[in-house]
Amino acid sequence: MSGEEWEAADHVGHYCERADEFPRRAEGEGVLLEHVPRDARRVLDLGTGDGRLLALLRRERPAMVGVGLDFSELMLAAARERLAGDERMALVDHDLAEPLPELGRFDAVVSSVAIHHLEHERKRSLYGEIFDLLQPGGIFANFEHVASPTRRLHLAFFAAINEPLECEDPSDRLLDVESQLAWLRELGFDDVDCYWKWLEMALLVAVKPA
Ligand SMILES: C[S@@+](CC[C@H](N)C(=O)[O-])C[C@H]1O[C@@H](n2cnc3c(N)ncnc32)[C@H](O)[C@@H]1O
């Protein structure tokens, strides 16, 4: 199975410990939070990890019902802890390499540094599934690790986040912004753009026509 590192306690621990201090992360997440409507009722978080995005989103969306999906037992346990006692939040154990399970319709689908672990072909088919499960007017916001156009910029990114290149996730399948925006447009999304970017971190947003 690809993505085995997410079943290793040291890998998960290292990621979770560093999540808050990751350079410019709060800035990109802030733009995502601005674009998810305050009245979004149902929100799906793909590769939710420890429930970080759901926890941020629910702060200003008291009526929001959240579904977090991930395939890592360790991450799901951390999410259960973070979201403990909040009956509006549900967690689903699912491998995103497989078609999404039946989850109903959503006003927003979000994701944070998760979809880049999938093979490119699966990224594209997942984007199509996201289109189908969004309500008309619903938004897809993907805060993502994307490919650099050159090796030099890839090295510059790892230097900027102060991680040795050996710490790259073995399951990373980085893809450039342009290809992903083109797919989203081809699938019928509207208002498709990169709303924020810093080196290899980007926020891709797409809206299903109302
Ligand atoms: C870098 S972490 C991000 C976690 C969280 N979204 C955040 O922003 O902190 C990547 C997450 O994607 C999950 N993931 C990777 N591949 C996956 C797959 N094929 N199916 C489901 N989850 C996956 C991992 O288990 C992990 O929780």
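Me: How much accessible surface does the protein have, and what share belongs to carbon and sulfur atoms?
Reply: About 9,800 Å², with 52% of that belonging to carbon and sulfur atoms. Those areas come from the Shrake-Rupley method with a 1.4 Å probe, and for residues only the protein chains shown count as cover. Bear in mind that this is a predicted model: local features need pLDDT of at least 70, side-chain atom pairs count only at pLDDT 80 or more, and totals for chains, interfaces and linings use all residues. Residues are numbered from 1 along each chain as its sequence is written, and side-chain values use heavy atoms, with hydrogens and water left out.

Me: OK, what's the secondary structure?
Reply: Seven helices and seven strands, in the order α-α-β-α-β-α-β-β-α-β-α-α-β-β along the sequence. The radius of gyration is 16 Å, close to the 17 Å of the globule rule for 210 residues, so the protein is as compact as a globular protein of that length. That radius is taken over C-alpha atoms, and the rule is 2.2 Å times the number of residues to the power 0.38. Helices (H or I, at least four residues) and strands (E, at least two) are DSSP runs numbered from the N terminus.

Me: And what percentage of the residues is buried?
Reply: 52% of the 210 residues. Buried means under 20% relative accessible area, exposed over 50%, and partly exposed in between (1.4 Å probe, protein chains only).

Me: Switching to strand S7, how many of its residues are buried?
Reply: Seven of the seven, residues 201-207, so S7 is largely enclosed by the rest of the structure. Met201, Leu203, Val205 and Val207 are buried on one side, and Ala202, Leu204 and Ala206 on the other.

Me: Which sense does S5 pair with S7 in, parallel or antiparallel?
Reply: Antiparallel, over seven bridges, with S5 covering residues 134-145. Phe140 has Ala206 of S7 as its bridge partner. Strands count as paired if DSSP finds at least two bridges between them.

Me: What about S6 and S7, how many bridges there?
Reply: Six, also with the strands running antiparallel; S6 is residues 190-198. Trp198 stands opposite Met201 in S7.

Me: What's in the hairpin between them?
Reply: Two residues separate the strands, and Leu199 takes a positive phi near 50°. Leu199 is partly exposed, at 31% relative accessible area.
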